[in-house]
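Student: I would like to know what the terms used for this model rest on. Please go through them one by one.

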Amino acid sequence: MDLSNSQSEVGDSTHSKHDFESGSDMEEEEDEPKLKYVRMTNDLRNILTKDSASCIAVHPKLVCVGSRWGMIHILDHQGNNVRSTELRAHTVAVNQISIDLNGDFIASCSDDGKVFICGLYSAEESNTVVIGRLVKSVAIDPYYCKPGYGKRFITGDERLVLHEKTFLSRLKSTVLSEAEGSVQTIKWNGHFVAWASDIGVRVYDITAKHSLGLIKWNRNIDVSPEHFRCNLCWKTETTLLVGWVDTVRVCKIRKRSQLEINSRDDPEFVVQQVSMFKTDFYICGIGPLDSNLVILGYGKELDTDGKAQRPQLYVIDAKDEDYVELSTDSLTLRGFQEYKCNDYHLECLIEENRFFIVSPKDVVAASPYDADDRLQWLMDHCKYEAALEAVTQFEGRDLKRHTLVEVGRAYLDHLLAKNKFDDAGKLCLKIYGNNKLLWKDDVFKFARVQQLRAVSKYLPRGDNALDPHVYEMVLYEYLKMDPPGLLQMVKEWPSTLYNVPAVVNAVLEHLLVNDCDRIILLETLAILYTHEKKYDKALAMYLKLKHKGVFQLIHKHNLYSSINNMIVELMDLDTEQALIILLEKDRVNADVVVSCLENNHRYLYLFLDALDKRETKEVSRKYHGRMVKLYADFSRDKLLPFLRRSDQYPIQEALDICKQRSFYPEMIYLLDRIGNTKEALELITKELQNIEQAIEFCKEHDDMELWEDLIIQKDVSRDDNLVTFYCKHSFHEVCLPSLEVPPKCVICNSTREYPHASPI
């Protein structure tokens with residue numbers, strides 16, 4: 001893709017080095033890029049249309065591009081000329097350009113044997129120095145503009161030569177070193193100068209005028225170092241990055257200890273290699289990116305058409321003898337198929353983490369993704385979860401173009417487009433919180449896709465509630481599409497959120513034409529009627545539905561006076577809860593309850609029984625006459641205890657009730673109460689046939705006639721078993737006083753001495 005827009009991406013990010021233009025249908029997951037790319041255009045586009053770039057030098061204030069025709073173009077970072085005309089510095093291609101620390105002076109060299117020194121803001125300082133040799137490299141003193149530094153610069157041909165102005169502005173040249181072959185490149189930083197020849201890299205201490213040694217380059221039979229440009233970059237004043245052929249070296253300059261200095265001629269500093277590793281590509285340029293390295297790479301193999309592959313910009317984590325590839329971007333530069341490794345250059349502004357990639361027809365600026373760039377990339381690749389997390393992390397700092405709301409809305413639109421409505425609803429709460437204006441703008445997005453239900457549980461309530469119309473829309477959607485959900489919302493939402501009469505009318509209209517979910521909608525109506533304080537309608541609706549919520553309604557809203565005509569229905573619905581309501585003190589008149597339950601004896605029994613347990617005063621006693629029959633019909637086990645503890649019932653009526661049902665124990669008790677002990681004893685002996693009870697009954701009354709009746713009734717002497725039973729009990733000591741002497745048992749006809757008997 002030949003991109004011409006200055007804001008267009010020129011890099012494809014991939015760890016697998018996949019060619020995104022290959023036409024493959026397979027989609028690979030893109031890794032988050034480290035760098036963004038912008039093609040420099042404007043005036044530079046016209047320049048490179050007519051000419052070609054041969055080298056570049058960069059400064060925070062400007063960019064200098066040297067051309068094949070020997071021109072130097074001074075541009076800003078967007079590619080605009082900052083001078084009215086270009087600098088006609090050389091007659092052939094510019095080999096190297098160097099800029100001083102302030103960006104006030106530049107130096108250039110060429111195969112025309114000249115070095116061009118130019119004061120960008122003072123023409124008086126510009127001059128051309130004729131060297132008379134093929135000058136391959138040049139470096140201007142970083143402090144060239146400062147007085148007292150001698151206006152120095154260094155050139156490289158077959159030698160490394162220092163040039164400086166002396167008395168009367170005469171130019172003095174000093175050979176610093178003879179080169180093995182030619183000096184390919186020079187980089188000057190502080191008082192150290194690094195330069196490369198055909199056999200390796202040397203570092204020179206410009207202050208001590210002493211070489212710190214040679215970093216020799218290994219040769220192999222496949223490639224020769226002299227055929228590849230050596231790429232040098234000072235990461236710091238004491239850290240040098242070297243990329244040559246397919247090998248990277250990281251070197252540090254350290255001060256020698258006193259033990260390491262053997263003689264006065266030994267340099268104070270020494271160059272020490274701290275890392276070295278080989279790459280799978282040829283190196284076109286190198287620079288630092290924080291703790292990592294950025295390398296411009298050129299493929300060792302041609303493509304299937306025999307053309308050069310796209311150059312790639314690598315971000316790597318350098319180890320001692322290896323590296324980890326963090327990102328790889330394939331760059332589509334104009335005409336890349338025709339270029340060689342040495343046609344590309346990489347220059348960097350370390351303090352800004354900016355990199356300039358140069359080919360003969362293109363200049364592209366690369367810089368790390370900032371917080372806004374990262375967010376934009378995440379959103380462009382539908383990684384909204386990560387984008388939302390990032391914007392939350394960066395909110396309030398580092399972000400200039402994005403906000404939480406903006407990212408959240410983009411994510412919301414994405415979720416709605418993917419039909420992930422529940423996730424979209426949850427997201428609204430996260431990004432809008434209680435902001436009514438934001439909710440108002442976006443809640444209609446859910447309405448358009450009929451998914452207000454998905455956001456309903458997250459809508460603001462209380463002081464931050466939205467317009468009632470919004471909540472009514474939600475309830476109406478539930479009514480049409482999810483009646484159980486409507487019921488749940490009506491239970492959860494405060495009635496102040498919406499217009500209750502409007503919702504009631506909507507439900508009633510729906511019921512007229514749709515009979516589905518009728519029970520659910522009637523329950524919904526009951527709750528809505530409660531909100532309207534139409535409790536009679538709500539009670540009627542609950543009873544019609546046989547819904548136990550009626551009891552809570554009565555209790556919560558003190559509706560005891562409204563239930564007189566529905567007591568039976570309440571008992572039918574839930575007897576236990578109904579009794580709790582009916583027995584609440586001073587709430588419901590007992591006479592009213594009894595009157596209502598007159599035709600339902602079982603409910604009447606349950607009520608009066610519960611009332612009797614609760615009340616011991618006249619409230620319950622006046623019903624004791626009725627309770628005899630009710631206990632007889634529904635709970636006989638409670639009848640006898642009731643007869644014994646109460647004296648508020650008609651005894652004869654109670655006796656008749658018991659006679660009708662042959663309730664002998666109860667009859668015996670009642671006969672005893674009215675003094676008919678003889679009949680009571682007869683029931684014990686004849687109906688119950690319980691001799692023990694008969695004896696206890698006689699003993700209890702201490703009546704001789706009862707004893708005689710008992711003997712006569714049972715004809716005890718004819719039954720040996722009964723004789724034995726009676727004689728084993730204390731019958732004798734009771735009956736003997738009435739018997740003749742000598743003492744003789746009338747039962748067993750035996751004569752005995754009874755200790756407790758006394759003669760007549």
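Tutor: First, the record: UniProt positions are given in the numbering used here, feature names are shortened, and annotations may be inferred rather than shown by experiment. Residues are numbered from 1 along each chain as its sequence is written, and side-chain values use heavy atoms, with hydrogens and water left out. This is a predicted model, in which local features need pLDDT of at least 70, side-chain atom pairs count only at pLDDT 80 or more, and totals for chains, interfaces and linings use all residues.

Student: Which residues does UniProt list for "coiled-coil region"?

Tutor: The unreviewed UniProt entry lists residues 674–701 under that name. In the model, that span is 82% helix and 0% strand, and its end C-alpha atoms lie 14 Å apart. Helices (H or I, at least four residues) and strands (E, at least two) are DSSP runs, numbered from the N terminus.

Student: What makes β12 and β13 a pair?

Tutor: Two strands pair if DSSP finds at least two bridges between them. Four bridges join β12 (residues 153–156) to β13 (residues 159–165), and the two run antiparallel.

Student: Why do β11 and β14 count as edges?

Tutor: The open sheet has four strands in the order β11-β12-β13-β14, with antiparallel pairing. β11 (137–140) and β14 (171–178) each have a single partner strand, so one side of each is left without a neighbour in the sheet.

Student: Why are α8 and α10 called roughly parallel?

Tutor: Helix α8 (residues 468–481) and helix α10 (residues 500–513) pack at about 15°, with axes 11 Å apart. Axes are lines fitted to C-alpha atoms, for helices over the stretch in contact, and angles run from 0 to 180 degrees between N-to-C directions. Angles under 35 degrees count as roughly parallel, over 145 as roughly antiparallel, 65 to 115 as roughly perpendicular and the rest as oblique. The pair α8 and α10 is therefore roughly parallel.

Student: Which residues of α8 and α10 make the contact?

Tutor: Contact means heavy atoms within 4.5 Å. E472, L475, Y476, L479 and K480 of α8 meet V503, A506, V507 and H510 of α10.

Student: What is the relation of α11 to α12?

Tutor: Helix α11 (residues 518–531) packs against helix α12 (residues 535–545) at about 155°, with axes 8 Å apart. The two are therefore roughly antiparallel. Among the residues in contact are I519 and L522 of α11 and Y535 and M541 of α12.
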